[in-house]
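Trainee: Hey, can you walk me through this one? I'd like to go piece by piece.
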Number of protein chains: 2
Amino acid sequence: MRSRADDQTTKARIRDAAILRFAQDGLEATVRSIAADAGVSAGLIMHHFGSRAGLRQACDDHVQAVIRDSKSELMAPTGAPSAMLAHLAQLEGYAPLVGYVLRCLQAGGVLTAHLVEGMVADAVEYLDQGVASGTLSPSRDEAARARLLTDFALGSLLLNLPAGKDPLDLDALPGWFAAYSERILLPTLELFTEPLLTDSSLLDAYLDSAERTTP
Amino acid sequence: MRSRADDQTTKARIRDAAILRFAQDGLEATVRSIAADAGVSAGLIMHHFGSRAGLRQACDDHVQAVIRDSKSELMAPTGAPSAMLAHLAQLEGYAPLVGYVLRCLQAGGVLTAHLVEGMVADAVEYLDQGVASGTLSPSRDEAARARLLTDFALGSLLLNLPAGKDPLDLDALPGWFAAYSERILLPTLELFTEPLLTDSSLLDAYLDSAERTTP
DNA sequence: CCGCGGCTTGAACACCCGTTTAGTCTTTTG
DNA sequence: CAAAAGACTAAACGGGTGTTCAAGCCGCGG
């Protein structure tokens, strides 16, 4: 039962089952529950990954690898960091991966920092393109703006994520993404088209004070 | 050792110790650790609160009560929902409470929904004031805009929160709030003063399509 | 054919959790 | 002042956790 033409190696099967369970139940999912899903014993997980932490690490590595590989073909059509997640979630079979990422973002940690950093980098690129093509206005600090917009998008996504604890319904995820996008579309478009502040006195005041301190 | 002029009732002392521990260690903090902090036995917590869930409920209730009571005097100077949390964190002794709220927002749940709802309601009020006084531009959907801005503010706050898991340093919280505010000030001001999108074609297109579907 | 080395298992271990219980001490009350 | 009531503790219970361990199963090379 080792050389399986049907699917993949046992170790990979365990890893995938873990990602699915972590996405559904949260990152505190049990080793035993994962073992049951993968149809193996709990001890085997220890044999292959050394410890629970090792399994988590393997999941993190795999997710990052998949994202890295998918990025090039996913970059083209999308425009925002969260849009990439949303788009990815539509793809069949990718929902568990997206769920895992969401749970990681929710919990914080090393992978979170890496992911956010990558998305900020992507955002910088997109914004630059927009500025170059004339659809977006330039910023005094492109990096800071990219980070702010990324934080806004991801943060509000997390805050609105259904089920803080209890099982996340991965089948319903694509639909939820769509509904969420539609819900925020009008206010977002409005906010980005018509200035919230009617005059620039606040901005001017800040720029003045900043200039005084660092002339 | 029952009637204590020195401080407060034992039950309240346990509750405060619990809020502190929950803020520091996260909402999965142990009953035993809380009991140790409060200088009582674990059994006494059961005696007073029935169960761990009862203790959590008591913490939630107390936090909501404090926020409700503090709101009237805190509303005046502040302008944004997250600013209220930041301002509150500066006040001596309120850091544990703010930390508890942050952990609740992070974990989701009933209290979270109530808190966010309250902040959205406040935001509506503030924005209306701004519109009335002419400093803010009106929106096609004031409620949706208020929710979006609240989600943006709270979400990016959570995403940038130090230490997703491990102990949250409550003493460092005020300083962290200040640093965070300063860091996002310029891009936020810029975003709210100068439109990100250079023309209204996207907004117009959306308004057109929306009008066609619901004439 | 045997034996070796991998994958795999199931039971056991040690720990930590929330909760229960029985009992002691203190305060209040009739 | 005695008795009832409540505050409080220490120890134990039962269940769940990650991890370890000794023993099986299996295919493969000598």
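Trainee: Which residues come nearest to DNA strand D?
Mentor: Keep in mind that this is a predicted model. There are 17 residues around DNA strand D, and the nearest are Ser51(A), Arg52(A), Thr10(B), Ser41(B) and Gly43(B).

Trainee: And which helices supply at least two residues each of the surface near DNA strand D?
Mentor: In chain A you've got helix H2 (31-38), helix H3 (42-49) and helix H4 (52-75).

Trainee: OK, switching topic. How many residues of chain B are in contact with chain A?
Mentor: On the chain B side there are 44, and they touch 43 residues of chain A.

Trainee: Which elements of chain B give two or more residues to that side?
Mentor: Helix H8 (142-160), helix H9 (173-193) and H10 of chain B. H8(B) has the largest share, with 11 residues.

Trainee: And how do the residues on that side divide?
Mentor: For the side of chain B that touches chain A, you get 22 nonpolar, 15 polar and 7 charged.

Trainee: Why do you say the copies meet through the same surface?
Mentor: Because 98% of the interface residues of chain B are interface residues in chain A as well.

Trainee: Let's zoom in on a helix pair. At what angle do H9 of chain A and H10 of chain B pack?
Mentor: Helix H9 (residues 173-193) of chain A and helix H10 (residues 201-213) of chain B pack at about 150 degrees, and their axes are 9 Å apart. Angles over 145 degrees count as roughly antiparallel, so that's what we call H9(A) and H10(B).

Trainee: Is their crossing left-handed or right-handed?
Mentor: The crossing of H9(A) and H10(B) is left-handed.

Trainee: Which residues make the contact?
Mentor: H9(A) brings Leu185(A), Leu186(A), Leu189(A), Glu190(A) and Thr193(A), while H10(B) brings Leu202(B), Leu203(B) and Tyr206(B). The residues of this contact of H9(A) with H10(B) divide into 6 nonpolar, 1 polar and 1 charged.

Note on methods:
Residues are numbered from 1 along each chain as its sequence is written. Chains are lettered from A and ligands numbered from 1 in the order in which they are written. This is a predicted model: local features need pLDDT of at least 70, side-chain atom pairs count only at pLDDT 80 or more; totals for chains, interfaces and linings use all residues. Axes are lines fitted to C-alpha atoms, for helices over the stretch in contact, and angles run from 0 to 180 degrees between N-to-C directions. Helices (H or I, at least four residues) and strands (E, at least two) are DSSP runs, numbered from the N terminus. Angles under 35 degrees count as roughly parallel, over 145 as roughly antiparallel, 65 to 115 as roughly perpendicular and the rest as oblique. A crossing is left-handed if the near helix is turned anticlockwise from the far one by less than a right angle, and right-handed if clockwise. Two residues are in contact if their C-beta atoms, placed from the backbone, lie within 7 Å. Ala, Val, Leu, Ile, Met, Phe, Trp, Tyr, Cys and Pro count as nonpolar, Asp, Glu, Lys and Arg as charged, and the others, Gly among them, as polar. A residue is near a molecule or strand if its C-beta atom, placed from the backbone, lies within 6 Å of it.
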